[in-house]
Amino acid sequence: MEPFIYHIPTKIYFGKGQIEHLADALKPYGNKVLLVYGGGSIKKNGIYDRVTDILKENGFTYEELSGVEPNPRITTVRKGVQICKQKGIEVVLPIGGGSTIDCAKVVAAGACYDGDPWDIVQDASCVTKVLPIVTILTLSATGSEMDTFAVISDMDANDKLGTGHPLMRPMASILDPSYTETVSAYQTAAGTADIMSHIFEAYFSNVQGYMQDRMAEGLLKTCIHYGAYAVKHPDDYEARANLMWASSWAINDFLKLGKVVEWTVHPMEHELSAYYDITHGVGLAILTPHWMRYVLNDNTVKKFREYGINVWGISSDLDDYEIANKAIDQTAAYFKEMGLPSTLTEVGIGTEKLDIMAQKAASALEHAYMPLNAEQVKEIYMAAL
Ligand code: NZQ
Ligand code: ZN
């Protein structure tokens, strides 16, 4: 295990009814709030009304940035930054899934930066100060509620880039699993695939972390147990609660501390979203089994063996490759069982942009679990067509 500093300071209010703590969660940071939300789901399910009532009752004033897109755009971030600067916003309050929270994070950083917020997306070292962020999560997937990252797109340039800074980690997050009961079956499945992928990115690493990997396996089993169940039983609180807490722990740094972790499938997926605007978790579900098959070799087979035995319960009596292949097949079958597409063709992706996407993805994969060049990434895309 490598040396590390553990510091994951987000205060979590977890469970049904925790919105009652919203005023307390916001108060230390100021009275002028920027509400950030997406296309209107929070108006349909009543969360918007509840939040605005609490703000009014407790003497907060608020401005709104609405219409944050899935795969949030830099143009929307710029609007939010302008509101913050013009209105003297003191605290940023996103209510939604990862897109809304990511947008809010870069708005909060951009509000304290003199240049264009795209600079922050390209280079997190521009960040020196960030307005405090308090989140209300409505979709279990990205872990943005407890991590330092944000992913923003410039669709004109087909760029979707991740940025991250410790100051962008939310101060507090309200996680009420019942808020996710209105998430569609498709988004629930995609979210579960995303959580699993965050765990895989930390699990498949060249540095051992025995304890971290056992935690990772527990989280994966939680996703497998409850993901498909929540797809079929959207209002099952226990399923929603387990997925929500798993989403936060998959990516809040805990699993990667002490290991050397360089993500692989995420950079490959972000290119698909940048060029075709597809749902992030769907792209991951399509690519993951193909990536697994591609990197399975004599160096990695022991790790896949561990994955097969500890996560899928495959018999340890079998040969290493047999266990590994079964585990990969079961991973693919699980995504399919949740109703997710399993080919790029199904989401409208053909061969036309594979070269440029592979080239851009490969620039982040030099130090991956198994380093991949553009040609190899293209082979994985081709296998997934
Ligand atoms: O916009 P609204 O109307 O709210 O609808 C959203 C959206 O259409 C809907 N939704 C959210 N909560 C709902 C709901 N519908 C009904 N009931 C609810 N309670 O779901 C749709 C998708 O929302 P979105 O926020 O886009 O989904 P997700 O949370 O999966 O976020 C995806 C974005 O996060 C990035 C992805 O790349 C993508 O841009 N990621 C962020 C990461 C991070 N910050 O650490 C890491 C991830 O790997 C990922 O890259
Ligand atoms: Zn992800």
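This is a predicted model: local features need pLDDT of at least 70, side-chain atom pairs count only at pLDDT 80 or more; totals for chains, interfaces and linings use all residues.
Residues are numbered from 1 along each chain as its sequence is written, chains are lettered from A and ligands numbered from 1 in the order in which they are written, and side-chain values use heavy atoms, with hydrogens and water left out.

Back to Thr76, which sits in helix α4 (residues 74–87). Helices (H or I, at least four residues) and strands (E, at least two) are DSSP runs, numbered from the N terminus. With a relative accessible area of 4%, Thr76 is buried. The cut-offs are simple: buried means under 20% relative accessible area, exposed over 50%, and partly exposed in between (1.4 Å probe, protein chains only). If you set aside neighbours within four places in sequence, Thr76 is in contact with Leu65, Val68, Glu69 and Cys103, where contact means heavy atoms within 4.5 Å.

Asp194 and His198 share helix α7 (residues 185–203), where they are four residues apart, about one turn of the helix. Both are out of the way: Asp194 counts as buried because its relative accessibility is 2%, and His198 is buried too, at 3%.

Next come the charged pairs. Side chains of opposite charge can pair when their charged atoms come close. How many salt bridges does a search of the whole structure find? There are 16, a salt bridge being a side-chain nitrogen of Lys or Arg within 4 Å of a carboxyl oxygen of Asp or Glu.

Take Asp277 and Arg73, whose side chains meet in a salt bridge (3.1 Å, N to O). Asp277 lies in the loop between α10 (265–276) and α11 (280–295) and Arg73 in the loop between β3 (61–65) and α4, so the pair ties together parts that are 204 residues apart in sequence. Asp277 is partly exposed at 35%, whereas Arg73 is buried at 18%.

Another pair is Arg214 with Glu306, again a salt bridge between side chains (3.0 Å, N to O). This one links distant parts of the chain, with Arg214 in helix α8 (residues 210–232) and Glu306 in helix α12 (residues 301–312), 92 residues apart. Arg214 is partly exposed at 26% relative accessibility, and so is Glu306 at 24%.

A further salt bridge joins Arg293 and Asp329, with the closest N and O atoms 3.1 Å apart. Arg293 lies in helix α11 and Asp329 in helix α13 (residues 320–337), so the pair ties together parts that are 36 residues apart in sequence. Arg293 is partly exposed at 36%, and Asp329 is partly exposed at 43%. Salt bridges that share partners also join Asp213, Arg214, Glu217, Lys259, Lys303 and Glu306 into one network.

Is His165 buried or exposed? It counts as buried, at 16% relative accessibility. His165 belongs to the loop between β7 (159–164) and β8 (172–175). A polar atom of the His165 side chain lies 3.5 Å from the backbone oxygen of Val127. Not counting residues up to four places away in sequence, His165 touches Ala124, Val127 and Thr148.

Finally, have a look at Lys44 in helix α2 (residues 41–44). Lys44 counts as exposed, at 77% relative accessibility. Lys44 and Thr182 are 138 residues apart in sequence, yet their C-alpha atoms are 9.4 Å apart in space.

Methods
A polar contact is a pair of N or O atoms within 3.5 Å; within protein, one must be able to donate a hydrogen and the other to accept it, and residues adjacent in sequence count only if both atoms are side-chain atoms.
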